[in-house]
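Reader: I have a model open and would like to go through it piece by piece. Can we start with the contacts along the chain and then move to details?

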Amino acid sequence: MKSILFLWILLISHFCVIVRSVRCTKPFDTEFWKFQNMMRTNPTAFIPYLEDMKLRFAGNLYRTVSGLVFATNEGPAAVQNLIDFLRY
């Protein structure tokens with residue numbers, strides 16, 4: 001459960017950079033909900049984001065687009081598990 005929550009936080013931080021907004025403003029909220037709705041209605045459309053995320057790992061260290069580094073317990077294996085789950 002902790003790894004899923006951490007992965008969700010990483011995905012949100014990755015998404016913040018994608019929409020070029022760090023602050024949670026009204027346009028950000030709208031874009032975030034569109035993104036979340038896409039994940040809910042068409043989960044396989046999320047796979048390209050995860051593939052990009054997987055490339056940002058160096059061992060168990062994850063580097064965000066903005067350069068922040070997070071140490072993880074599972075590393076890219078957790079992201080790959082999610083990709084596999086979404087594909088099947």
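Author: Of the contacts with a separation of 6 or more, 50% are between residues 24 or more positions apart. Keep in mind that this is a predicted model.

Reader: What elements does the protein have, and how many helices and strands?

Author: The protein has 4 helices and 3 strands. Read from the N terminus, the order is α-α-α-β-β-β-α.

Reader: And what share of the 88 residues is buried?

Author: Buried residues are 28% of the 88.

Reader: Helix packing next. At what angle do α3 and α4 pack, and how far apart are the axes?

Author: Helix α3 covers residues 47-55 and helix α4 covers residues 76-87; they pack at about 160°, and the axes are 10 Å apart. Angles over 145 degrees count as roughly antiparallel, so α3 is roughly antiparallel to α4.

Reader: Is the crossing of α3 and α4 left-handed or right-handed?

Author: The crossing of these two helices is left-handed.

Reader: Which residues meet there?

Author: From α3 there are I47, L50, E51, M53 and K54, and from α4 there are P76, V79, Q80, L82, I83, L86 and R87. Sorted by class, the contact of α3 with α4 has 8 nonpolar, 1 polar and 3 charged residues.

Reader: Take V79. Buried or exposed?

Author: V79, in helix α4, has a relative accessible area of 1%. Buried means under 20%, so V79 is buried.

Reader: What does V79 touch, leaving out residues up to four places away in sequence?

Author: V79 touches L7, L50, M53, K54 and F57 on that count.

Reader: Changing topic: the loops. Where does T72 lie?

Author: T72 lies in the loop between β3, residues 69-71, and α4.

Reader: Why does T72 count as buried?

Author: The relative accessible area of T72 is 13%, and the cut-off for buried is under 20%, so T72 counts as buried.

Reader: What does the side chain of T72 reach?

Author: The T72 side chain reaches the backbone oxygen of N60 at 2.7 Å. A polar atom of that side chain also lies 3.0 Å from the backbone nitrogen of G75.

Reader: So where is N60?

Author: N60 is in the loop between β1 (57-58) and β2 (61-63). At 36% relative accessibility N60 counts as partly exposed, whereas T72 is buried.

Reader: Which residues is N60 in contact with, leaving aside neighbours within four places?

Author: N60 is in contact with F70, A71, T72, N73, E74, G75 and P76. In the case of N73, the C-alpha atoms are separated by 6.4 Å, and N73 is 13 residues from N60 along the chain.

Definitions and conventions:
Residues numbered from 1 in each chain as written. Predicted model: local features only at pLDDT ≥ 70, side-chain atom pairs only at ≥ 80, totals over all residues. Heavy atoms only, no water. Axes fitted to C-alpha atoms, helices over the stretch in contact; angles between N-to-C directions. Parallel < 35°, antiparallel > 145°, perpendicular 65-115°, else oblique. Left-handed = near helix turned anticlockwise from the far one by under 90°. Contact = heavy atoms within 4.5 Å. Nonpolar A, V, L, I, M, F, W, Y, C, P; charged D, E, K, R; others polar. Buried < 20%, exposed > 50% of the residue type's maximum accessible area, 1.4 Å probe, protein only. Polar contact = N/O pair within 3.5 Å; in protein donor to acceptor, adjacent residues only side chain to side chain.
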